[in-house]
Amino acid sequence: APVRTYLVDKGYSLQTLYWLTGTAAFFLSPIADNLTTALLMGAVIIAVGAKDEEYVGLCCINIVVAANAGGAFSPFGDVTTLMVWQKGKLHIPDFIKLFVPSLVNWLVPASIMVSTLRGCATLVNWLVPAPIMGLYLSTSGEPVRAGLHETVRLHPAALHVILMFLLTVMLATGFHSFAHLPPVLGMVTGLGVLKVYGYVMTVLSGYNVHGTDLDRIPKHVQALDVFKRLAQAEWDTLLFFYGVIMSVGGLGLLGYLDKLAFFAYGTFGPPVANIALGILSALVDNIPVMFAVLSTDPRMSDAQWLLVTLTAGCGGSILSIGSAAGVGLMGTARGLYNFKVHLKWSWAVLLGYFSSVVVHLLLNGK
């Protein structure tokens with residue numbers, strides 16, 4: 001909320017916010033994961049330009065592409081990169097090699113799409129705020145919404161929760177690197193600590209979480225109820241991923257994945273197969289695609305594992321249903337961002353996809 005309010009109250013033009021939210025999504029995604037980043041930046045765009053549906057749709061595409069591209073060069077930026085790292089195919093320093101290709105993957109379609117916005121919206125001008133009498137500008141130059149001059153304060157326990165988040169990331173890394181245990185154990189341990197912390201803080205606030213009506217508990221105390229937050233999760237999105245992964249798991253059990261991998265990697269070779277699988281991830285989501293690749297475990301060099309990590313992560317941006325960021329944002333921006341809106345610019349995203357592949361092959365070899 002403080003980030004959203006800060007950007008909104010600054011009175012930036014919509015063109016400026018296009019670049020700001022895209023840049024923020026690209027650099028936040030490696031830390032906060034692409035889904036969380038997309039939802040955060042999407043909330044900013046919806047709060048500012050809700051009356052301009054075309055603009056919101058364009059920015060949502062930009063955010064999805066930026067979040068997926070940013071998540072590709074970090075083991076914590078996407079589920080697919082986490083899977084590759086957890087499987088031991090790549091180490092943390094290896095992912096940094098994908099920074100430049102990932103940046104190209106976002107900048108190419110972003111630069112193409114921004115050309116449809118009127119006014120100055122170049123990479124130089126995005127640094128300069130353009131408020132006009134406290135009003136936000138539409139793509140036609142007309143004011144569409146007054147600034148939201150609200151004061152947002154951090155929760156008293158906000159810094160503690162941030163520290164626990166950082167500790168959780170360190171635990172996941174430590175469990176994998178030093179104890180040779182799955183990183184998920186570190187993540188679950190961090191979640192457990194957060195739940196205990198929320199329970200203790202609620203009790204210290206003077207409320208009996210078992211015997212008190214939830215409506216009588218202040219909102220700032222309810223904010224620490226992690227169980228309630230989990231219950232409010234986007235279950236439609238979770239069930240979507242569950243269904244897709246179960247389907248892919250069934251195909252693997254029946255042996256079809258092994259046949260597909262043998263045909264793709266044996267007939268065309270790793271480079272062509274990895275590029276094709278990235279495009280396939282736009283249709284069936286990038287998580288099951290990476291799951292299928294790791295299940296078949298083809299023999300590839302580190303450069304090719306980097307390539308499939310890049311293509312699976314960024315290929316999901318070609319369609320809105322190809323990544324967690326796209327599916328999640330469609331749920332929160334209903335009526336403003338959908339499959340049809342994204343499909344209109346899929347050609348630009350595809351151009352950025354192939355551009356990033358070329359850059360990767362030039363920088364990191366075959």
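Start with asparagine 62, which counts as buried at 0% relative accessibility; buried means under 20% relative accessible area, exposed over 50%, and partly exposed in between, with a 1.4 Å probe and protein chains only. This is a predicted model, in which local features need pLDDT of at least 70 and side-chain atom pairs count only at pLDDT 80 or more, while totals for chains, interfaces and linings use all residues. Residues are numbered from 1 along each chain as its sequence is written, and side-chain values use heavy atoms, with hydrogens and water left out.

Asparagine 62 lies in helix H4, residues 53–71. Helices (H or I, at least four residues) and strands (E, at least two) are DSSP runs, numbered from the N terminus. Now show the surroundings of asparagine 62: leaving aside neighbours within four places in sequence, it is in contact with Tyr18, Gly22, Trp106, Ala110 and Met113. Contact means heavy atoms within 4.5 Å.

Next, select Tyr18, Trp19, Phe26, Phe27, Phe73, Phe99 and Trp106, which form one aromatic cluster. Rings of Phe, Tyr and Trp (its six-membered ring) pair if their centres lie within 6.5 Å; planes under 30 degrees apart count as stacked, over 60 as edge-to-face and the rest as tilted. By this rule the count comes to 12 aromatic pairs. One of them joins phenylalanine 76 and tryptophan 85, an edge-to-face pair with 5.5 Å from centre to centre and 65° between the planes. Are these two residues buried or exposed? Phenylalanine 76 is buried, at 18% relative accessibility, and tryptophan 85 is buried too, at 2%.

Move to alanine 32, in helix H2 (residues 14–32). At 27% relative accessibility, alanine 32 counts as partly exposed.

Then select helix H17, residues 324–332, and find valine 327 in it. Valine 327 is buried at 11% relative accessibility. Its C-alpha atom is separated by 9.9 Å from that of leucine 238, which is 89 residues apart from it along the chain.

Leucine 329 is also found in H17 and is buried, with a relative accessible area of 0%. Which residues does leucine 329 contact, leaving aside its neighbours within four places in sequence? They are Ala38, Leu39, Gly42, Cys60, Val64 and Tyr337. For cysteine 60, the distance to leucine 329 is 7.5 Å from C-alpha to C-alpha, across 269 residues in sequence.

For a pair of helices, select H14 (residues 270–284) and H15 (residues 286–296), which pack at an angle of about 135° with their axes 7 Å apart. Axes are lines fitted to C-alpha atoms, for helices over the stretch in contact, and angles run from 0 to 180 degrees between N-to-C directions. H14 and H15 are therefore oblique to each other; angles under 35 degrees count as roughly parallel, over 145 as roughly antiparallel, 65 to 115 as roughly perpendicular and the rest as oblique. Show Leu277, Leu280, Ser281 and Val284 in H14, which meet Asn286, Pro288, Val289 and Val293 in H15.

Finally, zoom out to the whole chain. The protein has 19 helices and two strands, and 46% of its 366 residues count as buried.
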